[in-house]
Amino acid sequence: MALRQLIAQDKRIKDDGGILFNTANTFVANQAYITAIKAFEYLISKGKENPYFLPAKVEMIDAKYQLVIAGQYDKKAITDLSTEYTQIIAEYGKTVQTVFAMKKLANLQAYFLNDLSSAEKTLEDALTISGLSATETGQMKLELGDIYILTQQPWEAFLIYEQVAKQFENQAVGNEAHFRSAKLSFYQGNFAYAKSQADVLKASTSQLIANDALNLSLMISDNLQSKIDSNALKMYADAEMLQFRNLPTKALGKLDSIAIKFPDNSLADDILMAKSRIYIKTNDINNAVKVLKELIAQQSNSLWADDALFTLADLYEKNLKNNEEAKPCTRS
């Protein structure tokens with residue numbers, strides 16, 4: 001309704017589209033991506049001469065990208081979106097201005113279209129562009145390292161992570177590189193090295209990295225007390241790798257099989273939390289709520305109990321629009 005009124009106003013006052021463009025970005029900020037896309041489509045329909053034509057086109061494609069990440073687009077729509085990014089790169093060249101399109105295209109190719117070789121080349125080409133900031137280059141190297149993991153080049157991934165970590169020591173990008181290196185070691189079952197890396201990062205100035213490192217360190221130390229727990233942790237690491245590769249169904253299957261193969265293992269709370277993250281990423285909110293409730297009820301002393309409460313409250317408030325159900329979670 002708001003969009004219809006704004007379009008009517010734009011036509012009535014013969015505006016250049018500035019008001020509508022700003023409002024469309026507000027729609028995006030509030031995750032109303034479908035409405036935002038319609039607003040950007042209207043601005044694009046005003047023609048190439050309009051000052052908001054190119055900005056609206058870029059923002060519209062980005063809104064579609066956010067829908068893909070949220071799991072709300074089908075395979076054809078993802079293919080169409082990758083084509084739109086490719087067209088932008090072809091039309092405007094591989095420049096500092098279009099590197100955003102190259103990064104997002106590589107993400108689609110790697111994690112949604114299963115075209116790993118193209119994703120690798122897209123990022124390698126982006127890294128040859130002159131004029132990029134050091135931080136942006138470092139971040140893209142991390143993304144390339146992730147793709148090296150997917151293409152089964154773990155040594156290449158390790159080298160590029162360590163390169164970024166050394167270049168940006170004690171900076172956010174460097175700490176992220178250290179953490180990805182630790183996670184790679186975790187995926188490979190090298191738990192001792194992963195824990196040593198995570199222990200160093202627990203003092204990181206980035207709260208998010210520090211928390212992630214602490215959680216990784218505690219998970220490893222808590223689940224190496226017996227041979228059963230160690231073997232279960234290896235299966236859990238395999239499940240995390242499957243999720244990293246954007247294979248949620250296989251990841252869930254691997255998580256469910258841990259208790260079957262290793263009954264009474266010590267990973268019950270970790271498994272439930274991991275499943276909730278997968279369900280949230282795939283927009284299966286009802287199942288996410290179900291497993292979070294199970295974790296809270298059965299694992300009240302778990303490392304993840306507080307996180308589960310917070311996540312559950314967030315889902316009730318933002319996804320299910322049920323503030324009454326959210327309130328008890330925040331009070332707990």
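**Entry 1: His178**

I began with His178, which counts as buried because its relative accessibility is 15% (buried means under 20% relative accessible area, exposed over 50%, partly exposed in between, with a 1.4 Å probe and protein chains only). His178 sits in helix α10, residues 172-187 (helices are DSSP runs of H or I with at least four residues, strands are runs of E with at least two, and numbering starts at the N terminus). I then listed its contacts, setting aside neighbours within four places in sequence: Ala165, Glu169, Gln197 and Leu201 (contact means heavy atoms within 4.5 Å).

**Entry 2: the model**

I noted that this is a predicted model, in which local features need pLDDT of at least 70, side-chain atom pairs count only at pLDDT 80 or more, and totals for chains, interfaces and linings use all residues. Residues are numbered from 1 along each chain as its sequence is written, and side-chain values use heavy atoms, with hydrogens and water left out.

**Entry 3: Asn215**

I looked up Asn215 next and found it in helix α12, residues 207-222. Buried or exposed, at 16% relative accessibility? Asn215 counts as buried because of that 16% value.

**Entry 4: the whole chain**

I found 18 helices and zero strands in the protein chain. Its radius of gyration is 22 Å, close to the 20 Å that the globule rule gives for 332 residues, so the chain is as compact as a globular protein of that length (the radius is taken over C-alpha atoms, and the rule is 2.2 Å times the number of residues to the power 0.38). The C-alpha trace spans about 70 × 50 × 35 Å along its principal axes.

I also noted that buried residues make up 47% of the 332 residues. Of the contacts with a separation of 6 or more, 50% come from residues 24 or more positions apart.

**Entry 5: aromatic rings**

I looked for aromatic pairs, and the structure holds nine (rings of Phe, Tyr and Trp, the last by its six-membered ring, pair if their centres lie within 6.5 Å; planes under 30 degrees apart count as stacked, over 60 as edge-to-face and the rest as tilted). One of them is Phe186 with Phe191, a tilted pair at 5.5 Å centre to centre and 55 degrees between the planes. Both Phe186 and Phe191 are buried.
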